[in-house]
Structures are given as C-alpha cells and as structure tokens.
Amino acid sequence: MKREEAKKEIEKLTEELLRHNYLYYVKNEPEISDYEYDMLLKKLQKLEEQFPEFKLPYSPTSRVGGEPIEGFETVKHSVPMISLDNAYNEGELLNFNERVEKILGNSVEYTVEPKIDGIGLALIYQNGILTRAITRGDGIQGDNVIENAKTITNIPLKIFEKVPEYFEVRGEVFLSFDIFREINKEKEESGEDVFANPRNAVAGTIRLKDSKIAAKRKMKMYCYQVITEENFLPESHFERLKLLNSLGFSTPPHVLKLKKIKEVIEYCKKFEETIKPTLNFPVDGMVIKVDNVKLWEVLGTTAKFPRYAIAFKFKPEQATTKILDVTFQVGRTGVITPVAELEPVRLAGTTVKRATLHNFDEIKRLDIRIGDTVFVEKAGEIIPKVVKVVTSKRTGNEKEIIPPEKCPVCGEKTVKFGDEVAIRCINPSCPAILKNSILHFVSRDAMDIRGMGESLVDKLLEKGLLKDFSSIYELEKEKIANLERMGEKSAENLLREIEKSKQKPFHNVLYALGIRYVGQKAAKLLARHFKSIDNIINASGEEIAEIEGIGEKIAESLKKYFSLKHNLELIEKLKKHGLKFETEETEEREQPLKGLTFVLTGELENFTRKQATEFLESLGAKVSSSVSKKTNYVIVGKNPGSKFRKAVQLGVKTVDEQFLLNFAEKYKK
Ligand SMILES: [Zn+2]
C-alpha cells in the first residue's frame, strides 16, 4: 500500500472504529458483530505497525493498553475538584433547601442524580482529542493517568462534534459488582490479597503502571460536569448532562429534574429502596444540585462547601453487633480462616450471624477481641466482614483472639509458610481439607455433580464412604439409599449425576483437582496448551511458566503436585473411571464466526465446496446457498457465478479464499 493510501485508510478505520465503539459501549446499539469489530481493529493495528507515523493520538488500538510506565505526572486541576457537604437525613435536606430559597426564592428547580461510589476523574480534551486524564488527588492537583483512562471503553478518545478548544469533562470511574467479584475471585485463586470493596479496586486499578492489566479490569465512567467556555453550554445542569450524552459521554442513569424539595426527598427514598438494590454498580447516595448553573455563583460557598449542591448519603450497609465467639474454618488448601460468630443482626435485608475476619493480621490490625462491639459491612460481597471495633463499648472483659497452634479439626500442629499471612493445616488426611476438596471437586465450575451438597458429603464422610475424589465414582446405590434422608430414588439421581460428570471437559477436571493457584482460567490455558494431563506431568517447569497467563508460581505448584506419588495414583484411578484427561477437538474449537452468514461462489483451490462449508460451520458460521441482504460475507473463488454479481448489487462484503486460509491456519483445520 502506498503511503498516502495508508494514511487515508488509517484515518478512515480509526473514525469507523470509534463510532462503533460509541454505539456499543455508550448507546448499547451495536451495528456490527464483535468479530467484525475485532477484524477492523486488527486491520488498523497492522497498518499502524507498518506506518507508525500515521497512528493517530486517539487511535482505538490504545484501548487495550500500552507499554508499562515508570510513574505519573502530577497536574494541577483547572478548577479545584471540590467535595460536597453531606446530608444524612430528611431534616438536613430541608435545611439545605431553606438556605437556597433564602437567596433564590422558592421557585428553584433541582437535578437529582445517583452518587456513584468510585473515584473522581477529570478528562481534558484539546481540540476534541483526549490528552489528559487527571485523578482527583487532593482536589488541587492529581495524577495524569491517561494511559489507563484510554482503556475505559465508554470514554470518548475523540469528540466528533465541534467543541471549544479547551473542553474538560469530570465524572466518576467505577467497577461493576460483577467485575469486582471476578477480580477478587482471580486474586484469591492466585493467592493474592483481595480488594475490600469496588472503590478500593478501582482506585488501585486507575493507578496501575501497566495499562494492559487496567484494560482487563473493565472500568467504566459516568460523567456529570463540563468545564469549558460558558457560552457553549446550556444554563440548565440537566441539559448539560444531555449535551454530554450527545457528545459521546455516558452520564449517570436515573437522573431527574424536580421542582420541590418534597419531590426530591421522595425520589431519594424511592431510589434507595427500590432502584439501588437492582443496580450492578455501587451508589452511596444522591447528589442534589440547583439546576440553573448561572445561579451557582450567586449562591457562593460556605467556608468549606459550595451552597448549590448537597450529597444525600444512603444508610451504609453497616450495622453494629457483638462478637460472641471466634471459630476457625479449615479450607480445602488447609488455610485456617477466623470467623466471627455474631449476635444476629439485620443488614441489607438479611439476618447476619457470622462475618469473616480474613486472617490473623487483619485481627491484629483492627484489634478485634471476643466480646467486642463491632461494625459489620457488606460491600458487594456475599459474606459480610468486620470493619471496625467500637472501642468505647469495651468493658475490659474482652478476650484476645489467639491463632490456633493445632488444627481445630484434626488436631495436627499448624504451620506458617515464609512471609505468608495464612496459618495452615498441612495434614493431607485432615477431614476438613478432604471435605472442602470434595465440595470443590463437585462444585458447578468443576465436575458439577448436582445433589452432592455439604450435608450429603458430611454423611458420606461420616460413614467412611469417601476417602478421596475417586471414591465418588465407586459409590454404590444401596449404601447411598441407606443414608439418612436419602432413598432409592435420590440415590439413583445422584448416581446419574456422577455418571454425567465424566463427560466434563479436561479443563474442568484439571480445575476440580484443586491444585494450588490453578483456577478456572489457568486450567483452561493449560488444557489448551498441553492437550493432556500426561503432557503437563512431563513438561518442565520452565515450559509451563512460559505460557502467557501462567507464570512461575503456578508452574512451581504444578510440579510440586505431580511430584507426590499419591496424586499421580489418584489421577490414574480417575482415568480408569473414565474422566477426561485429554482435550477433545470439538471442545477446543472456538466459534469466532458465530452469528455470521456466508455464501460460497466459484471454485476454491484448497477446499471442496463441502469442506469449506463444514469448516465455516465448525467456526460457528451459517452457510447459505443464496445471497440476500442478510448475508454477511460472500466468499468468491475462481469463475464466480451470479451470486457474486448479486453480492455486489446488494453491497454485501466479498472476500477471497485467503480469508478461509487465514482461519484454517489459526484454527488448525
Ligand atoms: Zn487439620
């Protein structure tokens, strides 16, 4: 391609991709499939590699992250990023309204918007192009985290409408609960410390020095303020949000403009009770602003806060209660977790009786003692945790929590590895470890044996029917049926489920074994790379560590696991029972062409018509015999027929045989 052509093509692709990005992430109305988007992105990437001088500063290829950086540049905010005064009840909202009406009279309109519990960010656009993204910092100056901000898919890298030369947009960056739980699950599986709540997670993510990792965390941003030439902006704050929206920014959902403070209070209550519980992102209150921005200056500020707005804070999902006792749980990896047994208390709609204390460092840090009155909190997690001790309620009778020297279940001496926080039981035949390993083995993401819940596993262990994973496959109908609360029918059902689990693919089996640090993701990567357990057993540590996404820690753990004779024997036994220890062709194949319709015309050199059809179908595509508007691609061989003309007429995309060959190479036909 000639330089001039390349430059034009890069510009065209960039604009096209940014538009699709906006349609997908901001408007939620995609026009093309994910696959088509990826193909366009790859095309652009390739051109940018060939002609780096033409890469645009707002190229969508920067969404996936770039090279790690050394540190952040500190930048002063154009206008300080202020915080708002808080109101904790109706009375304080009425007071706020009174102060406003005293100055502005009683026909004030308010905009009410949810207060996202994330971290503040200022986006600076120069001539419509995103050039800096500054964290709130101390409100006066913050860090320029532009590389990470670019990975946030609902932030426009370029504003397509004409805007003033300097254009600043502020808002809140956050993580959804789903993503937050996913990140923590992964951290847990790889033995790292988890984030306490979604806000901590996003605060850590926005300051990562490796934007490639930040890109994987899928942050989002809702914008609520714009700073630019005033005459470009409408007077109404509500209209400004709409303007931001039309310029390609996401603004918070559920924003209303209301006339009376009574309506405002009603809406805040309604939101807290009925809307907040349905949201997938953290909201800790409502922000109430005088809608007419021109009046903000008239109102001025108090010593600390502006008078035009207030944040109404929701009741925190916290409660105080008493720690009656602390018990110790032994997990499947032998880690002993202290658990607080609480005086039952209502919290976020449920009764809470227990809370996790994480580990003994955490107990020391918070200085928690048995008998203490404490705050418990739920933060996007299912199990609540203790966050603070009310020391003023101490009587002097509280008891210190002492890490157990012996396993509370088997009585063996506990150990602590190196600088790890955790205290462990390392007795391989500890009943607690066996029980939790089995519960993991049968869990949904592993072997998915329905009906094998905790109480049944308890009974089976009690009767000595479970010694290791392989004994699950040796259970006899009669013995199950004789268990308390079981019977012929439920025994049959269970055996059917057990039999069914043998069909689970290799990566599920690998994950089910519960090898330390081998989570679902690692199991999939290993299964895809090595194809069989024998290949993994025979691989060297370096070979395993080299796989992208695996690393030394997992490699070491695998080598250690396979060095133990009883583990190898267990695998042999499971093999004999028919569990899958090899990757099968069909499960491995991805379906990159899912949802796309193809038509073939003309002769192909490397495929017969039947082969080409089967291959496309194996990648998830539909192959049709006639061209219509619904056709996505026509593959054109030598001497094409009328289908080719029809495709051109209808404007359907045409590709040649190379298209198939590229896929054949990638997916190893
Ligand atoms: Zn034990």
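Analyst: Two strands pair if DSSP finds at least two bridges between them, and a strand is a DSSP run of E, at least two residues, numbered from the N terminus. This is a predicted model, so local features need pLDDT of at least 70 and side-chain atom pairs 80 or more, while totals for chains, interfaces and linings use all residues. Residues are numbered from 1 along each chain as its sequence is written, and side-chain values use heavy atoms, leaving out hydrogens and water.

User: Okay, which way do β3 and β10 run?

Analyst: Antiparallel: 7 bridges join β3 (residues 110-116) to β10. Look for Thr111, which stands opposite Lys289 in β10.

User: And how many bridges join β10 to β11?

Analyst: There are 5, and β10 and β11 (residues 309-313) run antiparallel too. Here Val287 stands opposite Ala311 in β11.

User: Why is β10 largely enclosed by the rest of the structure?

Analyst: Buried means under 20% relative accessible area, with a 1.4 Å probe and protein chains only. In β10 (residues 283-290), 8 of the 8 residues are buried, so the strand is largely enclosed.

User: Now the metal: which residues coordinate the zinc ion?

Analyst: Donors are N, O and S atoms within 2.8 Å of the metal (3.2 Å for Na, K and Ca); water isn't among the atoms, so sites may look incomplete. For this zinc ion, the SG atoms of Cys407, Cys410, Cys425 and Cys430 sit at 2.3 to 2.4 Å. Along the chain, these donors follow the spacing C-x2-C-x14-C-x4-C.

User: What is the geometry of the zinc site?

Analyst: Four donors count as tetrahedral if all angles lie between 85 and 135 degrees. The zinc site is tetrahedral, with angles of 101 to 116 degrees among its 4 donor atoms.

User: Are Cys425 and Cys430 buried or exposed?

Analyst: Cys425 counts as buried because its relative accessibility is 2%, and Cys430 counts as buried at 0%.

Technical notes: Tetrahedral: all angles 85-135°; square planar, octahedral: opposite > 155°, others 65-115°. Buried < 20%, exposed > 50% of the residue type's maximum accessible area, 1.4 Å probe, protein only. Helix = DSSP H or I, 4+ residues; strand = E, 2+ residues; numbered from the N terminus.
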